[in-house]
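Here is a short note for a colleague who is meeting this structure for the first time. Please read the numbered points with the model open beside you.

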Amino acid sequence: MNDARPKSVTPWPLELKPLIDEALDRFLPAENRQPEPLHRAMRYAVFSGGKRLRPQFLLKVAQASGLPAQELDLALRSACAVELVHVASLVHDDLPCFDDAALRKGRPTVHAVFGEARALLVGDALLARSFEVLAGGLRKDATRALRVVQLLACATGSLSGLVGGQELEQESALGSSVRVPESAASYHEMKTGALFETAAHAGAIAAGSNQTAAWAKIGRLVGKGYQMAHALTAMPHSDQVDIVLRTQLSDLSETLQAQIRGLAENPEPLTSLLDSLCSPLLRSASRTHASQSVVPGSHNERAVERNDP
């Protein structure tokens with residue numbers, strides 16, 4: 001006799017951050033594993049109160065693309081790998097040779113606690129670990145996992161990723177060509193946009209979507225939106241620029257919502273996430289920056305404290 005009862009479907013978690021944090025805890029070496037000081041410092045960097053915005057975005061894209069919750073392994077590995085790369089970039093950003101930041105999210109930066117040399121090793125180790133985490137997905141789905149490995153490598157490297165973006169930022173500090181608008185746009189795309197684009201692309205790949213390129217474009221737009229939000233909340237600017245930025249962010253938010261609804265099988269969780277990020281900025285009154293003495297675009301702009309999520 002055939003059982004005609006419908007198969008149970010595992011629901012997606014309503015809160016993804018605990019799921020991501022648990023996976024990161026599982027994927028990172030324990031503090032008591034040798035070399036212990038390095039592993040303590042790695043965990044200090046990763047569990048620093050971050051919002052896990054990029055991995056949540058990746059998982060929401062996978063969900064929007066129809067990935068069943070019981071098939072989360074590659075998507076979750078991809079999400080954690082993206083987050084490890086992001087954290088590695090923050091650790092390196094904060095180093096004295098770059099931004100020389102003393103605090104991040106209200107607590108001492110990695111190099112301030114563990115020393116400059118170990119902070120450099122922490123960033124290196126997190127980058128390496130990100131690809132180890134992805135490699136674990138080869139056992140179940142080698143083709144999709146290898147595509148994500150290639151995406152993340154590109155988003156990390158010198159041609160179109162974080163390392164190249166860091167070089168452009170360094171040129172900016174030296175008064176070089178990054179002050180040209182085209183170079184500045186390239187810097188933002190490589191330093192900020194690359195990981196958002198990779199997150200969306202990887203989420204769609206993990207879900208087996210046949211619209212991965214379209215999702216990558218959405219990730220690129222989200223990266224632009226993030227940069228606008230950062231400019232609104234962390235960069236000195238006039239009230240006139242404030243109005244322009246808010247208008248651009250509002251237009252971009254509407255464009256994203258429309259594109260996602262036209263593409264996704266299940267758009268609501270993703271559109272809700274993006275709305276929760278944009279709406280507070282669009283509702284809030286213009287910030288007053290007259291009392292800020294930091295020069296826009298200067299190398300010391302973020303030297304005191306960094307709060308990137």
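1. Helix 3 and helix 12 are roughly antiparallel to each other, because angles over 145 degrees count as such. The axes of helix 3 (residues 53-64) and helix 12 (residues 268-283) cross at roughly 150 degrees and come within 8 Å, where axes are lines fitted to C-alpha atoms over the stretch in contact and angles run from 0 to 180 degrees between N-to-C directions. Helices are DSSP runs (H or I, at least four residues) and strands likewise (E, at least two), numbered from the N terminus.

2. On the side of helix 3 the contact (heavy atoms within 4.5 Å) is made by L53, Q56, F57, K60, V61, Q63 and A64, and on the side of helix 12 by P269, L270, L273 and L277. These residues divide into eight nonpolar, two polar and one charged, with Ala, Val, Leu, Ile, Met, Phe, Trp, Tyr, Cys and Pro counted as nonpolar, Asp, Glu, Lys and Arg as charged, and the others, Gly among them, as polar.

3. The model is predicted, and local features need pLDDT of at least 70, side-chain atom pairs count only at pLDDT 80 or more, and totals for chains, interfaces and linings use all residues. Residues are numbered from 1 along each chain as its sequence is written, and side-chain values use heavy atoms, with hydrogens and water left out.

4. R52, in the loop between helix 2 and helix 3, has a positive phi of about 60 degrees although it is not a glycine. The side chain of R52 also meets that of D21 in a salt bridge of 2.7 Å, N to O (a side-chain nitrogen of Lys or Arg within 4 Å of a carboxyl oxygen of Asp or Glu). This pair links distant parts of the chain, since D21 belongs to helix 1 (residues 17-27) and the two residues are 31 residues apart. The whole structure has 15 salt bridges.

5. Another local feature to check is the cis peptide bond between Q34 and P35, with omega at about -5 degrees. P35 lies in the loop between helix 1 and helix 2.

Notes. Parallel < 35°, antiparallel > 145°, perpendicular 65-115°, else oblique.
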